[in-house]
Amino acid sequence: MLRISKLTDYAIILLGQMARAGEQTFAAAELADQTSIAMPTTSKILKALARAGIVTSTRGARGGYALAQKPEHTSVARIIDAIEGPIALTECSAEQALCQQSSSCDVRSHWNVINRAVQTALESVSLADMIRPVSAAPAEVPISLARLQPQPR
């Protein structure tokens, strides 16, 4: 089963809380309290999101964390990458050198197409989409087949 980690799920919850508030700056403790996510976990996630440029961090008495850009411009793929690293369904999708079968593998290019489809789908969903009520979310997200061609490594 393919599954994102709890940390990524929590990151989307934290970012959703921030996105609903607009351009507000939040203390980590405030976000932890509002979302019921433990403070050490909240802090760890916010630091990773800041390293990835998804949130900005300001020190000082009026400091805290704020979204680096509008929710419409932050994709779920980017959030996953910030917390978990590059999206890859198989080892060879991440790095060919990791697979002992790469020299004789007949299916690698197919896995790359599938990996690209998942990546493209996640890139097409924004943080703004994630906080939109389900009834207002689009029923389908179109994915261009041209974007799914195997990418050279």
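Mentor: The largest pocket holds about 270 Å³ of space, where a pocket is an open set of points on a 1 Å grid over the protein atoms alone that a 1.4 Å probe fits, with protein on both sides within 12 Å along at least five of seven lines, and lining residues have an atom within 4 Å of a point. A volume is the space filled by probe spheres set on the points, joined across faces, edges and corners. This is a predicted model, with local features needing pLDDT of at least 70 and side-chain atom pairs pLDDT 80 or more, while totals for chains, interfaces and linings use all residues. Residues are numbered from 1 along each chain as its sequence is written, and side-chain values use heavy atoms, without hydrogens and water.

Trainee: Which helices each supply at least two residues of the lining of the largest pocket?

Mentor: The lining includes Ile-80, Glu-84, Val-118 and Leu-122. Taking helices as DSSP runs of H or I with at least four residues, the two that each supply at least two lining residues are α4 and α6 (108-123).

Trainee: How much space lies in the second largest pocket?

Mentor: Its lining includes Ala-19, Leu-67 and Lys-70, and by class has four nonpolar, two polar and two charged residues. The space in this second largest pocket is about 170 Å³.

Trainee: Which residues does Leu-67 touch, not counting those up to four places away in sequence?

Mentor: Leu-67 lines the second largest pocket and is also among the residues with the most contacts inside the largest nonpolar core. With contact meaning heavy atoms within 4.5 Å, Leu-67 touches Leu-15, Met-18, Ala-19, Ile-54, Val-55 and Leu-127.

Definitions and conventions
Core = buried A, V, L, I, M, F, W, Y, C linked by side-chain atoms within 4.5 Å. Buried < 20%, exposed > 50% of the residue type's maximum accessible area, 1.4 Å probe, protein only. Nonpolar A, V, L, I, M, F, W, Y, C, P; charged D, E, K, R; others polar.
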